[in-house]
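My notes follow in the order in which I looked things up.

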Amino acid sequence: MSNPRNGDTKPPCLPRNGLVKIPTQPNGLGSASITKGTPAVKNRLCQPSSVPAILSPALAPRSDLPIPSLASPLSLAALAGVSSPPGASLVGLNSSEAAPGAEHPSPERLPGSPSERQLAVDEKILNRLFWYFSACEKCVLAQVCKAWRRVLYQPKFWVGLTPVLHTKELYNVLPGGEKEFVSLQGFAVRGFDGFCLVGVSDLDICEFIDNYPLSKKGVKSMSLKRSTITDAGLEVMLEQMQGVVRLELSGCNDFTEAGLWSSLNARITALSVSDCINVADDAIAAISQLLPNLAELNLQAYHVTDTALAYFTAKQGYTTHTLRLNSCWEITNHGVVNMVHSLPNLSVLSLSGCSKVTDDGVELVAENLRKLRSLDLSWCPRITDMALEYIACDLHKLEELVLDRCVRITDTGLSYLSTMSSLRSLYLRWCCQVQDFGLKHLLGMGSLRLLSLAGCPLLTTTGLSGLVQLQDLEELELTNCPGATPELFKYFSQHLPCCMVIE
């Protein structure tokens, strides 16, 4: 695990495909993955944290100074809401003091008056202050001094983050050329209960289990990506890590369906399998037979057919609420028939990239899955306006609808959607037939909070300007939209001040 170079001025957080990479630190933070939300939400999570309201206005402009130097000297008295003693200096650290390799200063060595120094390590103040920083910034702040690290290493500051560890980060090379597994104690102190391991082998997984103190019972979620895990490795991992209830396998081509039969355990409630070439119908049979408590299944497999969707048991019909079938190219309307009868209690369904599904398949979904709150039909080129009529008539609880790249949808389809009073998020990216007239149908949808029109080529500035009538809109995406001009964005900033407009 390499140390950051002293004086590195690169921002500590760079979003990439929803991954937030935290600079590798000696204390073993590695990296973290934030996977929830839209791309815009993910990008917001990666931005520098907002200045706390308790900071004085004079300090606010300094918040954009680079980390880890923390060159902006913050008055701890101001943070505490009290006035600074006369002549008291501001508390801060220069770049040399904050360097990863530098010795952590003790509270007595912090600059400023005794009152300032006491405020700088006051745990009550720090526990409040550190909530305003991103995970990347917390990683840096934990290097300032032992007092700050002690506060920051509380598990509450790391909830919802998943460390991402690559193979090369799991070992230190000793002077003799031998490899030593890194210490994972820093992860255990912060109480991480989920990990993503990238490019690992069976041996690496065994080493991880032996070296992470919480691996046997404390790890609830495991994700293996682009790894060479075999049937034997998968079996050992799930046998040893008794706490795992969420499992993800992505780009792992060395395990087989037989490995799933021998390793899957009834305690697993969420399973995600994608880009694994040996996954076909028999894998779904193993999942349906061995996971009676399955609540969520995410599957991206090119060789799964309609037959597989009939394997789900009556127990899963009650427990499974989320099913995502992404780019399952062989699934047709017959598979949809099997699915709606096997899993009638679904609340989240994705058929994204299931290119053989037609309007008739959507009608089956609308008539039989009345509890749906989220439906993803993106990249289904056979879907037309008729499918939207079925959705609007029957799915009265639907809150999110994704129609990206449904190229046959027109303004008529949007008129059907305008009657849906519960719809909060609507994605119409690259729906190339949507025009200004279609947007007028959406203006009466007071429930809409998120609207994406990215890549819609026929929308004009005039048509888009009418969206200011949606005063409760929180997010509007207009990326690659020819009608979105600088003047329009300025107009939105004036008339939709509470809406984040993505250019």
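**Entry 1: a pair of helices.** I began with helix α14 (residues 333-342) and helix α15 (residues 359-368), whose axes come within 9 Å and cross at roughly 10°. This is a predicted model, in which local features need pLDDT of at least 70 and side-chain atom pairs count only at pLDDT 80 or more, while totals for chains, interfaces and linings use all residues. Residues are numbered from 1 along each chain as its sequence is written, and side-chain values use heavy atoms, with hydrogens and water left out.

I noted the terms as I needed them. Helices (H or I, at least four residues) and strands (E, at least two) are DSSP runs, numbered from the N terminus. Axes are lines fitted to C-alpha atoms, for helices over the stretch in contact, and the angles run from 0 to 180 degrees between N-to-C directions. Angles under 35 degrees count as roughly parallel, over 145 as roughly antiparallel, 65 to 115 as roughly perpendicular and the rest as oblique. α14 and α15 are therefore roughly parallel to each other.

Which residues of α14 meet α15? I found Asn 333, Val 336, Val 337, Met 339 and Val 340 on the α14 side, and Asp 360, Gly 361, Leu 364, Val 365 and Asn 368 on the α15 side. Contact here means heavy atoms within 4.5 Å. I sorted the residues of the contact of α14 with α15 into 6 nonpolar, 3 polar and 1 charged. For this sorting, Ala, Val, Leu, Ile, Met, Phe, Trp, Tyr, Cys and Pro count as nonpolar, Asp, Glu, Lys and Arg as charged, and the others, Gly among them, as polar.

I then listed the buried residues of α14, which are Asn 333, Gly 335, Val 336, Met 339, Val 340 and Ser 342. Buried means under 20% relative accessible area, exposed over 50%, and partly exposed in between (1.4 Å probe, protein chains only). The cover over the buried residues of α14 includes α13 (314-319), β12 (322-325), β13 (348-350) and α15.

**Entry 2: the next helix along.** The axes of α15 and α16 also come within 9 Å, and they cross at roughly 5°. α15 and α16 are therefore roughly parallel to each other. From α15, the contact uses Asp 359, Val 362, Glu 363, Ala 366 and Glu 367; from α16, Met 386, Ala 387, Tyr 390, Ile 391 and Asp 394. The residues of the contact of α15 with α16 divide into 6 nonpolar, no polar and 4 charged.

Is α16 mostly covered or mostly open? I counted 7 of its 10 residues as buried, so α16 is mostly covered. The buried residues in α16 are Asp 385, Ala 387, Leu 388, Tyr 390, Ile 391, Ala 392 and Asp 394. They pack against α15, β14 (374-376), β15 (400-402) and α17 (411-417).

**Entry 3: the core.** I looked up which members of the largest nonpolar core touch the most other members: of its 131 residues, these are Met 222 and Met 339. Helix α16 (residues 385-394) gives the most to this core, with 5 residues. Domain 1 (117-151) and domain 2 (160-279) both give residues to this core, so it lies between them. A nonpolar core is a set of buried Ala, Val, Leu, Ile, Met, Phe, Trp, Tyr and Cys residues joined through side-chain atoms within 4.5 Å. Domain bounds come from an automatic or database domain assignment.

I checked Met 222 by itself. Leaving out residues up to four places away in sequence, Met 222 touches Phe 195, Leu 197, Phe 208, Met 237, Met 241, Val 244, Arg 246, Leu 247 and Glu 248.

**Entry 4: loops.** Where does Trp 379 lie? I found Trp 379 in the loop between β14 and α16, with a phi near 60°, a positive value in a residue other than glycine. Arg 405, in the loop between β15 and α17, has a positive phi too, near 65°. Most residues other than glycine have a negative phi. At 33% relative accessibility, Arg 405 counts as partly exposed.

Is Leu 496 buried or exposed? Leu 496 is buried, with a relative accessible area of 4%, and is found in the loop between α20 (486-495) and β19 (500-502). Not counting residues up to four places away in sequence, Leu 496 touches Leu 467, Val 468, Leu 470 and Gln 471.

**Entry 5: the whole protein.** I ended with the totals: the protein has 20 helices and 19 strands, and 51% of its 503 residues count as buried.
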